[in-house]
Amino acid sequence: MAIACGYPKAGELNPKQVMGLLTKLLLRRSRSASVQIPPPQPIQPSTPQPGLAPLANPNPPKSLTALEQEIEAQWVPVHPVSHAKPLQRKAGNLVKRSLLGAIALGIPVAALWAINLPYPVIRRPVARTAPILLLPSYISMDHHYRQAISLTEQAEQLMNSPTSFADIELGAQKVEEAQTHLDKLPLWFLNDWGDYRYWWYSWRFSMSQFDASRAQIGTLQAKIFQEQNAYTAYTAADQAVSAAKQQYQKAVSPTDKKAAIASWQTALNQLDQIPSQTFAGQTAQKQLVAYRQDFQDTVGVAADSDRTNAVITASREFAMKAAQAGQNPPHSVEEWRQIEALWSEALTRLGSIPPTDVEGYAEAQQLMAIYRDNLRQISIRRSQEEQAVAALQSAQTKIERLLATPGDRNYKISQLQSIINELKRIPNGTTAYLEAQSLLVYAQNALSKL
């Protein structure tokens, strides 16, 4: 291709343009694999012969796009040299070295682990000969011992001064954790403590503190059991109070209201029966004041009236029992005393009705007047029975003495007259009356003979 000197004509390329094109193509292929680029051939300008006119170029100039395509077609890619085998060899050597290192390190670790197994047969000989090998065991025992002491103190604080039921639950959790740490302390080591007390561990352990912790844990476990039972009773009673209140508010008929009031009172009594030494009992006693006030405000006069009716009904029952027992006299002194006790119980119950309940108090006063009169009559009958029994016994004694002791006629007449007078004072309706009448006939006959 002939190139004239000076500026190139249209469609021609100068050497600078060719070098620029090659540089551009090299930059485009820099990211690929290595390539072999044939060296560029220098372009020699053709000089026209003198005297001759320049002939037409048999090879017309090529365009820039065509020239790029030819250069790209001449590229020969050079494949990179593979290094897979050396890399595989290096990886294999690294794995072998790692396995050998793991084996070399695992053997002493496994031996140390076996020596520190929690078995007296293994640890005792090692503790006598090479105690330093049991350092992991000492560290573990020290950890469990300190954790047990700390958790026991925390649980004791939570259980002795709880502010809520959550403190009791947390205290129970601390006690369980402390017991777990104590269980991990080997008892054989504690028993052999005097033989294996070495200078690096002797200051860490106290047998008295260990025994105290075990005793504290036992006490706390019993207290937790009581607290849990009390809390269960408190929860049931508290729910019963709420349910009874709702039942009373929804009740329509008097029968349903009475049943709700009875349930409400029962629930309040259950709250009052929770042991006061427990946290649940202390909480229940504080709530009882508000619950009873709420009961009084909600139920009001109806509850007082029902209570008064119940008291009057119970008093009538005692009076009925007393009246039934007093029928068909005569009765002994002991039976009259029992009847008196029944009338007294009926009066006592009526006396518990407060004056604030106007209707119930008025009815109770009327019944008390009747019951007091009945009690007075029963007291009189009891006194008569006591006197009749005493008179009969005295007459019998005098008759026996008169028969056993001989005397003159006037003495016997005076004694018989005294016996007759004493027997006549025994009233009818007593247990001694019939026998007294029999002795009276005997004494009168004896007196007539004299």
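**Salt bridges and a packed helix**

The structure holds nine salt bridges, a salt bridge being a side-chain nitrogen of Lys or Arg within 4 Å of a carboxyl oxygen of Asp or Glu. This is a predicted model, where local features need pLDDT of at least 70, side-chain atom pairs count only at pLDDT 80 or more, and totals for chains, interfaces and linings use all residues. Residues are numbered from 1 along each chain as its sequence is written, and side-chain values use heavy atoms, leaving out hydrogens and water.

Let's begin with Glu 386, which pairs with Arg 337 through a salt bridge whose closest N and O atoms are 3.1 Å apart. This pair links distant parts of the chain, 49 residues apart: Glu 386 sits in helix H13 and Arg 337 in helix H12 (residues 333-351). Helices here are DSSP runs (H or I, at least four residues), numbered from the N terminus.

Glu 340 forms a salt bridge with Arg 382, with 2.8 Å between the closest N and O atoms. Again the pair links distant parts of the chain, Glu 340 in helix H12 and Arg 382 in helix H13, 42 residues apart. Both Glu 340 and Arg 382 are buried, meaning under 20% relative accessible area, while exposed means over 50% and partly exposed lies in between (1.4 Å probe, protein chains only). Arg 337, Glu 340, Arg 382 and Glu 386 are linked in a network of salt bridges.

Now look at H15, where Ala 436, Leu 439, Leu 440 and Ala 443 are buried. On the other side of H15, Leu 434, Ser 448 and Lys 449 are exposed.

How values were computed
Helix = DSSP H or I, 4+ residues; strand = E, 2+ residues; numbered from the N terminus.
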